[in-house]
Amino acid sequence: MCLAIPVQVKEVLPDNMAKVTLDGVSKIVSTALVDDVKVGEYVVLHVGYALAKIDPEEAERTLALIREAAMGDAA
């Protein structure tokens, strides 16, 4: 199964790259597939590539569902 997750852009880097974070974990990813990425925006991340921008409210709802599912697995 493949999973794409929302991450927030913390820094735009040269060569279509960006630093993103999820729950305090930072990663450098490619933004070559998404136009005009800006700091603070959310993108959907899959295997190191930002696939699309996502609305902040939708990103937060999705992240909440993922966290909820993870807590259910821990119980």
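Buried here means under 20% relative accessible area. I keep that cut-off at hand for the entries below, and I note that the model is predicted.

**Entry 1: strand β4.** I looked up how β4 sits in the model. Four of its five residues are buried, so β4 is largely enclosed by the rest of the structure. I then checked its partners. β1 and β4 run antiparallel and are joined by four bridges; in this pairing Ile-5 has Leu-45 as its bridge partner in β4. With β5, the strand β4 pairs over five bridges, again in the antiparallel sense, and Val-43 stands opposite Lys-53 of β5. β4 and β5 make a hairpin with two residues between them. I noted Val-47 in that turn, which has a positive phi of about 40 degrees.

**Entry 2: nonpolar cores.** Which residues make up the largest nonpolar core? I found eleven: Ile-5, Val-7, Val-9, Ala-18, Val-20, Val-29, Val-34, Val-37, Val-43, Leu-45 and Ala-50. At least two residues of this core come from each of β1 (5–13), β2 (17–22) and β4 (42–46). β1 gives the most, with three residues. A second, separate core has five residues, including Tyr-42, Val-44, Ile-54 and Ala-59. As background, nonpolar side chains in soluble globular proteins tend to be buried together.

I also listed the contacts of Val-37, leaving out residues up to four places away in sequence: Val-9, Val-12, Thr-31 and Lys-53.

**Entry 3: Ala-59.** I located Ala-59 in helix α1, which covers residues 56–74. Its relative accessibility is 0%, so Ala-59 counts as buried. Beyond the neighbours within four places in sequence, Ala-59 is in contact with Pro-6, Tyr-42 and Ile-54. I also took the C-alpha to C-alpha distance from Ala-59 to Asn-16: 22 Å, with the two residues 43 apart in sequence.

**Entry 4: Thr-21.** Not counting residues up to four places away in sequence, Thr-21 touches Val-7, Gln-8, Lys-10 and Ser-26.

**Entry 5: surface patch.** I looked for nonpolar residues on the surface. Leu-33, Val-47, Tyr-49 and Leu-51 form a nonpolar patch there, with about 420 Å² of accessible area together. Val-47 is the turn residue from the β4–β5 hairpin in my first entry. Leu-51 lies in β5, residues 49–54. With a relative accessible area of 41%, Leu-51 is partly exposed.

Definitions and conventions
Residues are numbered from 1 along each chain as its sequence is written. This is a predicted model: local features need pLDDT of at least 70, side-chain atom pairs count only at pLDDT 80 or more; totals for chains, interfaces and linings use all residues. Side-chain values use heavy atoms; hydrogens and water are left out. A nonpolar core is a set of buried Ala, Val, Leu, Ile, Met, Phe, Trp, Tyr and Cys residues joined through side-chain atoms within 4.5 Å. Buried means under 20% relative accessible area, exposed over 50%, partly exposed in between (1.4 Å probe, protein chains only). Contact means heavy atoms within 4.5 Å. Patches are made of residues with over 30% relative accessible area and no salt bridge: like charges are joined within 9 Å, nonpolar side chains (Val, Leu, Ile, Met, Phe, Trp, Tyr) within 5 Å. Accessible areas come from the Shrake-Rupley method with a 1.4 Å probe; for residues, only the protein chains shown count as cover. A salt bridge is a side-chain nitrogen of Lys or Arg within 4 Å of a carboxyl oxygen of Asp or Glu. Two strands pair if DSSP finds at least two bridges between them.
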